[in-house]
Amino acid sequence: MAGLPSQFSPLRDILDGKHDNNTFVNVIGFVADFMPPVATRGKDWKCQLKLTDPSTEHDSAQLHVNIFRDQASMPQAKCGDVMLIFAGKVQQFQLGLHSLITHVTTSFYIYDSKTIPRPPKTATVAMVPSNKPQRRKPTAEEDGYVSKFFHSSSKDNLPTEAEFQERSTRALVVKDKYVPLSKAADGKFIDTIAQIVRKPYDLSSMYSLWISDYSENLDFYQHTMKGLTALNKGDSYGYTTRFSEPSTATDEESWTGPFGKRSLQLTCYEPHATAIRTLELDEGSWVYLKNLQIKVGRNGANLEGYLRGDQQYPSKINIIPYDLSSMERDEADPRLLDALRRMQQYEKMKKEQLAEISGAAEAGKKRKAAATQEEETKGKRKSNAKAKREAARKGKAAAYEAANSNTPDTTNTTQSLTQDEANLNAPETRPSTQVAYDSISEPDDVNKQIKADNLAAHSSIIADMFVPEYHPVIDGDTTMSIPLPFANRNYRTYVRVVDFYPHTLAKFARPKKASAQRPESHLLDEDSAPSSDYDSDVPSSFSATKNWEWCFYLKLEDADVPDGQDKRAIWAAVDNPSGQCLLNLDASNLHVNENKVQSMREKLFTLWGDLEELVTEQEEAEEQALAAAARNNAPPDSSPVKPAPSQALLAVKNKPFPCCICQYGVRVTEDDETKADAGENKRWQRMFALFGTRICD
């Protein structure tokens, strides 16, 4: 395409994949097809155009352009009009075919083919006015190129006016066949959105797979929960497998999809089988299915789905994958979001059922063990009673014999053996290794609005948490005691908060790590709710994707200590479950939710009084000291001058409160080999965390 401005791309380059997915390009082309605007299930409307240019003349290829805007911003185009697009977003669909989609940064202009002047005049006069201002306007050079492009390019690949109008009119007659799988019925052809929930089975000329949108259909096959083996995928430590019966099925044969009547078996024929193979669709992929035939399957009892080829358009692909990881929320189909919410609802329900089954199995196991132990105890008692009776009988016989004969008296020997037998049955006693902690009583001024679990537990002081524990190691005939770097112990104590971190409350919550999130996590926020009538029965509590978590630290100091001991302080981590318990709030993006920050501030005031104000004063004092030092040629930033240690924080007068603290260990980097007790260049570091503590209203 001679003379094409350098910032523009030929349509052929986009169709050939020379531009990566989700990149932005500028293009110019003739309008060869136009589907008038239609309403979507969101706030936007959608129209579709097909463009050609000289780079596509030899094969009559056309570039699809999908425009999403409000109704007032929708374009109108005729056959042969010229379209100029700035910052169109490249997307890939079906069998690697590329198209353009509008983005918030996209600008586009239509030039009326009947009024475009010949060069050297520019095409400004032919530009169809936009109803709303756009981000980028064409330059005079670009307007001039529109005239050159229109009058120098072949228009042989464009349809006639009648053909163009017929296609546009036909496009308006659209029958929405979309339904969730819960409304699929025998003899219907439907469009739907679903997830592949079992690895597709390749039958060469066809594929067999199972799909689900996590809605229930009474005519679907019933997948039952036979034990817990199918639910334990990812349970590498076997926390639940010990409660379940051994499974005779292999991993490939076991059902890992949704239980109940939530899944539909689907058979895909050509060309869809090739599409599945080429696109590498697999378990977990989300797809849009068009013209899916529903009918009673081979067993004569349950519905099945069939995706067949289109006789009129043999190459048309009716299984279209979604790339959730790169999808923007404002571009996502609301019906897809509804299906994702249903999946969340199902997974939460499954987790609760798994916990109930595991708990019941464990309780049954404990009851069985208790019953067995009781039987063994009864047996021992009977055995001991029988042994005592036998010993008494023998003793009486021996005494009688000694009194009536000259045989030696063996009573003492028999009694001694009997005592030895009794000692063998007595429980073994061992010296106690329990550390004796100093007990403290509840302070008189304790904060009654703070509650902690384990009311009957011994109350410790922080010094107790640093009492070393030892592990006995036997080396030949020698037994040595090795000090442990930490102890997995829980404590209950009385403390007060003297500092916290971070010092900005809005930073108490953080985004979850990407590795902990699924590809669809960013599409659902905590305020999301079902947006279509199909999902009106989904509880809002299931619609929130927890993309944020609590993560902050409290510096806790002893409220009181026995005479002769000093108060000590520790930093205790507050993770997401502990933060939810403490604050009775779910974590969220606090940087954009000032109301929630204020609610949290009021709760924390109950915990730590005016500590936040004192911390703010301390930080301001440090900033002033640094500023003064800078004016006086102070040392560089690597050795900043600070005021006396936390002078403001020395004035903390908040009330003590009860809390539960756990001790644990983490591996940290250690360059000193003599201290690396947790593997190469690693050592154990003692840590503390808050748990089971809550602020009551």
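Residues are numbered from 1 along each chain as its sequence is written, and side-chain values use heavy atoms, with hydrogens and water left out. Because the model is predicted, local features need pLDDT of at least 70 and side-chain atom pairs count only at pLDDT 80 or more, while totals for chains, interfaces and linings use all residues.

**View 1. Val25 and the residues it touches.** Let's start with Val25, which belongs to strand E1 (residues 24–39); strands (E, at least two residues) and helices (H or I, at least four) are DSSP runs numbered from the N terminus. Val25 has 3% relative accessibility and therefore counts as buried, a word that means under 20% relative accessible area (1.4 Å probe, protein chains only), with exposed over 50% and partly exposed in between. Leaving aside residues up to four places away in sequence, Val25 touches Ser9, Ile14, His19, Ile85, Phe86, Ala87, Gly88, Val90 and Leu100, where contact means heavy atoms within 4.5 Å. Ser9 is 16 residues from Val25 in sequence, with 6.8 Å between their C-alpha atoms.

**View 2. The largest cavity and its lining.** A cavity here is a set of points, on a 1 Å grid over the protein atoms alone, where a 1.4 Å probe fits but cannot get out; lining residues have an atom within 4 Å of a point. Grid points are joined across faces, edges and corners, and a volume is the space filled by probe spheres set on the points. Three cavities of 30 Å³ or more are counted this way, and the largest holds about 50 Å³. Its lining includes Phe30, Asp53, Lys155 and Leu158.

**View 3. The hairpin of E16 and E17.** Strand E16 (residues 470–475) lies largely in the open, because zero of its six residues are buried. E16 pairs with strand E17 (residues 478–483) in the antiparallel sense over six bridges; pairing requires at least two DSSP bridges between two strands. Look for His471 opposite Ile482 in E17. Two residues sit between the strands of this hairpin, where Gly476 takes a positive phi near 70°.

View 4. In H4 (residues 272–279), the buried residues are His272, Ala273, Ala275 and Ile276. Glu280 follows H4 and has a positive phi, near 55°.

Terms used. On a 1 Å grid over the protein atoms alone, a cavity is a set of points where a 1.4 Å probe fits but cannot get out, and a pocket is an open set with protein on both sides within 12 Å along at least five of seven lines; lining residues have an atom within 4 Å of a point.
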